[in-house]
Amino acid sequence: PAAITVAGQSSGAVAISALLAGGCDLFDRAILQSGGLERVRSTAAASAVAEQILSTGVRTCDGEPGVEEILAAQRGIDTGFVPPQGPFHPCIDGDVIDEHPLVRAQTRDLPPIPILAGTTRDEWRIFDAALDDDIFSEQYVRHRAQALAGADRDADAVVATYRAVQPTMRGVAAAMVTDYHFTAPTEQFVRAHAERGNTVFRYELQWSSPRAGLGACHDSCLALVFGNLDAAPALAGNDGAARRMSEAVQDRWLEFVRGAEPWERYDGAGGSTMLLGPESAIARGHRAEQLAIWEGRYPAYG
């Protein structure tokens, strides 16, 4: 039979990671794009959200809430500062997700399937795009750093580490959330898999949006992978250079799907990462200083 490759973007990548953590071996290889494994919550955290929904008094005349009533109650829950605290997260329920995927990957073997995984360089910038520049004061950015790193961490040291590579406070703020939500948990998941001798290809997409300020933002990889640049030209562009980048990304993904090696394997800490952009190249130990901040941070919030 033909080999089966399963691919997921964002929440889809989280779902695939959870399947792997549960021992699912119904596919032969997996592609994880921009997965936010930080978002998997504990059973207790999910119960707390359920309590908030019930506290809204959501009911219908027959005692059972309908879809509209449930959605209205969910919209009434404060999503909080970063990281978000709202209701739209997978949780450990003892059935679909039995254990946090990062805990499972770091403590026991996953099914030994090849994985291609990565993130975009500037995932979070698109979510901050609506905020004015003057919001990103030193106090605001420090507050964000503390919320992400935890109460026991030196927020000033976290900010300083990112200021060394980011020219603006807006850039610092977005880069911290990018790593906390996307880059660091993805790297930790596939590092554990690779260090057990499994095949991993890690990447970072560095192809910038033509829209000023977005950089290589969340979802920009989708237009490149599917080649439908004209459907969302603000994400990755739609000129000749963008089409060539799309073809290059598609070629790499198809090589992996067909069982070939699209670039040098990632073999663990300090290993190789393919930087996909105008000048695609392999980097080793890519942004290790920033990613080290988030070691031991997951699973966070229960």
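1. The second largest pocket holds about 230 Å³ of space. For the terms: on a 1 Å grid over the protein atoms alone, a pocket is an open set of points where a 1.4 Å probe fits, with protein on both sides within 12 Å along at least five of seven lines, and lining residues have an atom within 4 Å of a point. The volume is the space filled by probe spheres set on the points.

2. A word on the model: it is predicted, with local features needing pLDDT of at least 70 and side-chain atom pairs pLDDT 80 or more, while totals for chains, interfaces and linings use all residues. Numbering runs from 1 along each chain as its sequence is written, and side-chain values use heavy atoms, leaving out hydrogens and water.

3. Back to that pocket: 15 residues line it, and Arg 121, Asp 122, Gln 166, Ala 175 and Arg 287 lie nearest its centre. Helix 8 (residues 169-194) gives the largest share of the lining, five residues; helices here are DSSP runs of H or I, at least four residues, and strands are E runs of at least two.

4. Just after helix 1, Gly 23 has a positive phi of about 90°.

5. Glu 264 sits in the loop between helix 11 (240-257) and strand 5 (272-276). The side chains of Glu 264 and Arg 284 make a polar contact at 2.6 Å (N or O atoms within 3.5 Å, one able to donate a hydrogen and the other to accept it; residues adjacent in sequence count only if both atoms are side-chain atoms).
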